[in-house]
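Please report on the fold, the cores and the charged pairs of this protein.

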Amino acid sequence: MLTRRSITDKVNTARLAAIAQEAAEQCGRLTVPPVAPAAPLHAGAGCMGCHTPLVGDERRESPPLAEAIRAVPAGPWAWLVGPEGGFERVELDDLRRRAFVSTVSLGPRILRAETAAVAGLAVLAGAGRRLERGLIVRRASCPGPDDMEGQDV
């Protein structure tokens with residue numbers, strides 16, 4: 001997904017697909033996480049189907065991820081993390097207006113995008129939850145795991 005702060009000139013979808021393939025092989029997965037072309041955040045958030053989006057929100061009073069997942073239906077979920085610099089206020093406002101989106105916090109510290117993605121997946125795994133597909137928003141689109149088995153982030 002593309003945010004206002006995404007850097008799209010360095011996105012190589014073929015390379016990301018190869019990384020997803022190698023990660024699946026390394027951890028013994030039978031399926032390879034799909035790598036889709038990048039789409040604007042507002043369009044991607046609206047077409048998540050049956051996935052419940054959990055959005056990292058480091059700048060506002062959002063409940064901790066571990067607490068929030070008790071209040072939302074069991075997966076499948078999508079875990080969205082902003083790019084370096086975070087989501088812009090208008091992007092978070094748009095996401096918060098959607099009834100099916102839950103904004104969550106990973107604590108008082110602002111983490112790098114890569115660290116926040118893994119930290120959020122670790123919290124979900126620690127809570128005994130399973131992700132059907134993790135959608136991680138960084139500088140642009142990147143592959144996410146089909147589930148937590150193998151943790152090939």
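The report below goes from the overall fold to the sheet, the cores and the salt bridges.

## Basis

This is a predicted model, in which local features need pLDDT of at least 70, side-chain atom pairs count only at pLDDT 80 or more, and totals for chains, interfaces and linings use all residues. Residues are numbered from 1 along each chain as its sequence is written, and side-chain values use heavy atoms, with hydrogens and water left out.

## Overall fold

The protein chain has five helices and three strands. Along the sequence they follow the pattern α-α-β-α-β-α-β-α. Helices (H or I, at least four residues) and strands (E, at least two) are DSSP runs, numbered from the N terminus.

The chain has 153 residues, and 43% of them count as buried. Buried means under 20% relative accessible area, exposed means over 50%, and partly exposed lies in between (1.4 Å probe, protein chains only). The accessible surface of the protein chain is about 8,200 Å², with 52% of it belonging to carbon and sulfur atoms. These areas come from the Shrake-Rupley method with a 1.4 Å probe; for residues, only the protein chains shown count as cover.

Contact means heavy atoms within 4.5 Å. Among contacts in the protein chain with a separation of 6 or more, 79% are between residues 24 or more positions apart.

Three strands form an open sheet in the order 2-1-3, with parallel pairing. Strand 2 and strand 3 (102-104) are at the edges with a single partner strand each, so one side of each has no neighbour in the sheet. On average, neighbouring strands of this sheet are turned by 25° against each other, direction ignored.

Two strands pair if DSSP finds at least two bridges between them. Strand 1 (residues 52-56) and strand 2 pair in the parallel sense over four bridges. Thr-52 has Trp-77 in strand 2 as its bridge partner. For Pro-53, the partner in strand 2 is Ala-78.

Strand 2 (residues 77-80) points Trp-77 and Trp-79 one way and Ala-78 and Leu-80 the other way; all are buried. Helix 5 lies across strand 1 and strand 2, and runs at about 150° to strand 2. Axes are lines fitted to C-alpha atoms, for helices over the stretch in contact, and angles run from 0 to 180 degrees between N-to-C directions.

Ser-102 sits in strand 3. Its relative accessibility is 17%, so Ser-102 counts as buried. Beyond its neighbours within four places in sequence, Ser-102 is in contact with Pro-53, Leu-54, Val-55 and Val-72.

## Nonpolar cores

A nonpolar core is a set of buried Ala, Val, Leu, Ile, Met, Phe, Trp, Tyr and Cys residues joined through side-chain atoms within 4.5 Å. The largest has 13 residues, and those with the most contacts inside it are Leu-54, Leu-65, Ile-69, Trp-77, Trp-79 and Leu-124. Helix 3 (65-71), strand 2 and helix 5 (113-126) are the elements that give two or more residues to this core. Helix 5 gives the most, with four residues. Another core lies apart from it, with nine residues, among them Val-55, Leu-80, Leu-92 and Val-101.

Which residues does Leu-65 contact, leaving aside its neighbours within four places in sequence? They are Leu-54, Trp-79, Val-104, Ser-105, Leu-106, Gly-120, Val-123 and Leu-124.

## Salt bridges

The structure holds six salt bridges. A salt bridge is a side-chain nitrogen of Lys or Arg within 4 Å of a carboxyl oxygen of Asp or Glu.

| Pair | N to O distance |
|---|---|
| Glu-88 and Arg-4 | 3.9 Å |
| Arg-5 and Glu-88 | 3.9 Å |
| Arg-98 and Asp-94 | 3.1 Å |

Salt bridges that share partners join Arg-4, Arg-5 and Glu-88 into one network. Arg-98 is buried, with a relative accessible area of 19%. Asp-94 is partly exposed, at 23%.

Glu-88 is partly exposed at 24% relative accessibility. Arg-4 is exposed at 58%, and Arg-5 is partly exposed at 34%. Arg-5 lies in the segment before helix 1 and Glu-88 in the loop between strand 2 and helix 4, so this pair ties together parts that are 83 residues apart in sequence.
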